[in-house]
Amino acid sequence: MTWLPTLTEKALARELPARAEARRILESCDDELMDVVAAAFRVRLRYFGRRVKLNYLVNIKSGLCPEDCSYCSQRLGSAADVLKYTWLKPDDVVRSAEAGVRAGAKRVCLVASGRGPNDADITRVSTAIAQFKARHPDVEVCACLGLLSDGQGERLHQAGATAYNHNLNTAEANYADICTTHSYADRAATVQRAKQAGLSPCSGLIAGMGETDDELVDVVFALRELDPDSVPVNFLIPFEGTPLAGEWNLTPQRCLRILAMVRFVCPDAEVRLAGGREIHLRSLQPLALHIANSIFLGDYLTSEGQPGGRDLEMIADAGLTVEGAAERTLPEHRPDHRDLVRIRRRGPGTTLPANA
């Protein structure tokens, strides 16, 4: 496999691979799979060592969504059996987030269904963030509230938010087949607004929606161009009552290849093993942690994850360690959340470190 060492060296140099090289990972045979995982682990070690970052989701508004994203159990017209409730009160948000902190989470992610927040919603979420950060100043907070309007990211940043998540989900050419109530361009614009507001950009994908290899390569290359700090890789959970209920296209081996492709294309980004990992990777989850360097603990938005204790056992059994609060997540050439906090405290005009 002369192509794999070449691809690995490119990733170690943060050089963008050729599209054909990225597709080659997805097309690799089972006999090559462990070599692919080992090569991806080498890249992971360069930028993230043996650390695993723990994240915790808090669903602060569930269901009741006017958007028609085909993969989502909370979509308009969904018949999926999920909880539906409007905005949690700030005290309830803080209480739920603290459950993640007690479990060892370094980042809590506050997620709300809907097209996007209005100004009153931003006030509500900002209040919860400020209350949480006053009690846990070293824990990162990521907001995921849908499409952002001008100025909203800045308000979240001022309240203490570290990051903002908005996934591209799938390739631009495929997007209209997945959602018609907003566009791929809307999503990309929100990632840019978050970045411009001083929030660490978090954007990823959902694999397993019937996309082709070329479409997977397209969305990961688009993510590389957006340059998010963290890239969540979700594997479709085909909820009954949604248009994609019958899409069971993934195998554990396919999931590993997708993760490896993301790692080679985005070598120095935090790659997060996200929704669907338990049902699709199954017993190969520890191998996936040799590619990804970040996971969600516990449950997801509308589906259950494996118990957090099992996650911690899995990390230890794989010879990996949980990332501590004082450790940087991102490599030195990228600013981490502490750099962003210093900028926020010092005010406009503060510059990043020279190695950023």
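# A tour of helix packing and salt bridges

Select Arg 328 to begin: with a relative accessible area of 19%, Arg 328 is buried, a term that means under 20% relative accessible area, whereas exposed means over 50% and partly exposed lies in between (1.4 Å probe, protein chains only). The model is predicted, so that local features need pLDDT of at least 70 and side-chain atom pairs count only at pLDDT 80 or more, while totals for chains, interfaces and linings use all residues. Residues are numbered from 1 along each chain as its sequence is written, and side-chain values use heavy atoms, with hydrogens and water left out.

## The partner of Arg 328

Glu 332 and Arg 328 form a salt bridge whose closest N and O atoms are 3.7 Å apart; the term denotes a side-chain nitrogen of Lys or Arg within 4 Å of a carboxyl oxygen of Asp or Glu. Glu 332 is partly exposed, at a relative accessible area of 49%. A separate selection shows a network: Arg 14, Asp 227, Asp 229, Asp 268 and Arg 334 are joined by salt bridges that share partners. By the stated rule, the count comes to 25 salt bridges.

## Helices α4 and α5

Next, select residues 90-102, which are helix α4, and residues 119-135, which are helix α5. Helices here are DSSP runs (H or I, at least four residues), as are strands (E, at least two), and both are numbered from the N terminus. The two helices pack at an angle of about 45°, with their axes 9 Å apart. Axes are lines fitted to C-alpha atoms, for helices over the stretch in contact, and angles run from 0 to 180 degrees between N-to-C directions. The angle makes α4 oblique to α5; angles under 35 degrees count as roughly parallel, over 145 as roughly antiparallel, 65 to 115 as roughly perpendicular, and the rest as oblique.

The crossing of α4 past α5 is right-handed, a label used if the near helix is turned clockwise from the far one by less than a right angle, with left-handed for anticlockwise. On the α4 side, the contact (heavy atoms within 4.5 Å) involves Pro 90, Asp 91, Val 93, Val 94, Ala 97, Glu 98 and Val 101. On the α5 side, display Arg 124, Thr 127, Ala 128, Gln 131, Phe 132 and Arg 135. These residues divide into 7 nonpolar, 2 polar and 4 charged. Ala, Val, Leu, Ile, Met, Phe, Trp, Tyr, Cys and Pro count as nonpolar, Asp, Glu, Lys and Arg as charged, and the others, Gly among them, as polar.

Within this contact, focus on Glu 98 and Arg 135. Their salt bridge has its closest N and O atoms 3.0 Å apart. It links distant parts of the chain, with Glu 98 in helix α4 and Arg 135 in helix α5, 37 residues apart. Glu 98 is buried, at 10% relative accessible area, whereas Arg 135 is exposed, at 56%.

Remain on α5 and select Arg 124 with Asp 121. Their side chains meet in a salt bridge of 2.9 Å, N to O. Both residues lie in helix α5, 3 residues apart, about one turn of the helix. Arg 124 is partly exposed at 30% relative accessibility, while Asp 121 is buried at 9%.

## Helices α2 and α10

Now select helix α2 (residues 19-27) and helix α10 (residues 252-265), which pack at about 160° with axes 8 Å apart. This angle makes α2 roughly antiparallel to α10, and α2 passes α10 in a right-handed crossing. Ala 22, Ile 25 and Leu 26 of α2 meet residues of α10 including Arg 257, Ile 258, Met 261 and Phe 264. The contact residues comprise 8 nonpolar, no polar and 2 charged.

## Helices α1 and α3

Select residues 3-12 for helix α1 and residues 33-48 for helix α3. The packing angle is about 15°, and the axes are 10 Å apart. Helix α1 is therefore roughly parallel to α3. The contact includes Trp 3, Leu 4 and Leu 12 of α1, and Val 36, Arg 42 and Tyr 47 of α3. Its residues divide into 8 nonpolar, 1 polar and 4 charged.

## Two final residues

Select Leu 287, in helix α12 (residues 285-288). This residue is partly exposed, with a relative accessible area of 22%. Residues up to four places away in sequence not counted, Leu 287 touches Met 34, Val 37 and Leu 256.

Finish at Arg 75, in the loop between β1 (51-61) and α4. Arg 75 is buried, at 16% relative accessible area. Its contacts, leaving aside neighbours within four places in sequence, are Cys 65, Glu 67, Asp 68, Cys 69, Ser 70 and Pro 243.
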